[in-house]
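Morning, everyone. Let's walk through one model together. Please look at the screen.

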Amino acid sequence: MDALKAFGAEVIVCPTNVDPEDPRSYYSVSSRLEKEVPNSWKANQYDNLSNSAAHYEQTGPEIWDQTDGRITQLVVGVGTGGTVSGVGRYLKEKNPKIKIWGIDTYGSIFKKYKETGIFDKNEIYPYITEGIGEDFLPKNVDFDVIDHFEKVTDKDAALMTRRIAREEGIFAGNSAGSAVAGLLQLKDQFKKEDVIVVIFHDHGSRYLGKMFNDEWMREKGFFEKTGMTARDLVASGVSGELLSIESCEPVAAAVKLMSAHDFSQISITRDARLVGSLNETHLYSQLVTDPAAKDQPVESIMQPAFPFVDISTPVDLLSTMITPTTPAVLVRDFKTDKTFIITRSDIIRVLV
Ligand SMILES: Cc1ncc(COP(=O)(O)O)c(C=O)c1O
């Protein structure tokens, strides 16, 4: 944002936890601005096929020439899909045996869509890795060119981004960390004589406040620590599986569900995607002020969604994240694909 402002831009921040069709999404806001602002142009990198064409005409030949046509595998993070589709198509035309590996995030729909043809909204949730993974199907992603998608966790990507700088002296962005972490996850697929090209999309300077900042890494729970972690809480059975209700349901239905399970908070979904939360204290103040709120949809009074943390997050960090306004955190176990909720009372139970 600071870099954009330096060029004199007005920065408009849009929420990410809304559907692309929602008028508040950055897709819709940019289309509206293109109409409203005279002389404006929307690059539309997701659906404008000039994106993949540029990679077909330039990045593909560059890689082919620089490897003297010896490349056998391409590993690349997939966001708009421009890079993987353009480069992949060029390389496969040159040598159909070249394998194209797309790197995806947990929280994105790409991998499941490629493997099953199903656009599963349950796959969508917030994640930290920038630039790759999506919650819709951009026209620039050519699924036929990509042989396999590999998902990498936010934590593995962040740690690998730091390693690339320290061990290789290459100051690259976080999606480069995802790509190398993904490559290592796939290592059994490769032979010693393979020539593997990994694309690093971004420069590390953009991430000085994030992956290259120790405080940020600690806050996110990405540093290995000794002591109890969210995984121990889940294993000890104190945390519950996630209770949620669709945003269009009436407030009264949320109250009924919370009472039936004896829960003080609930997650709110829209088309099965987490978009908000509701806790007892807030619910109480809303109903006392306006008893008719019980017939309103829960989204009219919902609070922000609970933050997601990795299952390896230490308990002492969880306890600092849980505050009166954030009474719970969601713990995602990427390996089993399950989400658990950890509340203030869960932490109290393990501390005594
Ligand atoms: C940091 C970063 N990594 C990876 C990508 C993915 O590249 P593509 O959009 O060509 O799929 C992008 C794309 O915008 C990006 O900004």
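Start with H6 and H7. This is a predicted model. H6 and H7 pack at an angle of about 100 degrees. Their axes are 7 Å apart. Angles from 65 to 115 degrees count as roughly perpendicular, so H6 and H7 are roughly perpendicular to each other.

Which residues make the contact? From H6, they are Asp-156, Ala-157, Ala-158, Met-160, Thr-161 and Ile-164. From H7, they are Asn-174, Ala-176, Gly-177, Ser-178, Val-180 and Ala-181. By class, that contact has seven nonpolar residues, four polar and one charged.

Now the nonpolar core. In soluble globular proteins, nonpolar side chains tend to be buried together. Here the largest nonpolar core has 38 residues. Leu-74, Val-76 and Leu-91 touch the most other members. Several elements each supply at least two residues of this core, including H3, S1, H4 and S2. H6 and H7 are also among them. Which helix gives the most? H7 does, with five residues.

Zoom in on Leu-91. Leaving aside residues up to four places away in sequence, Leu-91 touches Gly-60, Ile-63, Trp-64, Ile-71, Leu-74 and Ile-98. There is also a second, separate core of 16 residues. Val-234, Val-309, Leu-318 and Val-331 are included in that second core.

Last stop, the ligand. There are 15 residues around the ligand. Gly-79, Thr-80, Gly-131, Ser-175 and His-201 come nearest. Helix H4, residues 82-94, gives the most to this shell, with three residues. What classes make up the shell? Three residues are nonpolar, ten are polar and two are charged.

Technical notes: Residues are numbered from 1 along each chain as its sequence is written. This is a predicted model: local features need pLDDT of at least 70, side-chain atom pairs count only at pLDDT 80 or more; totals for chains, interfaces and linings use all residues. A residue is near a molecule or strand if its C-beta atom, placed from the backbone, lies within 6 Å of it. Helices (H or I, at least four residues) and strands (E, at least two) are DSSP runs, numbered from the N terminus. Ala, Val, Leu, Ile, Met, Phe, Trp, Tyr, Cys and Pro count as nonpolar, Asp, Glu, Lys and Arg as charged, and the others, Gly among them, as polar. A nonpolar core is a set of buried Ala, Val, Leu, Ile, Met, Phe, Trp, Tyr and Cys residues joined through C-beta atoms within 7 Å. A residue is buried if 20 or more other C-beta atoms lie within 10 Å of its own, exposed if 12 or fewer, and partly exposed in between; C-beta atoms are placed from the backbone. Two residues are in contact if their C-beta atoms, placed from the backbone, lie within 7 Å. Axes are lines fitted to C-alpha atoms, for helices over the stretch in contact, and angles run from 0 to 180 degrees between N-to-C directions. Angles under 35 degrees count as roughly parallel, over 145 as roughly antiparallel, 65 to 115 as roughly perpendicular and the rest as oblique.
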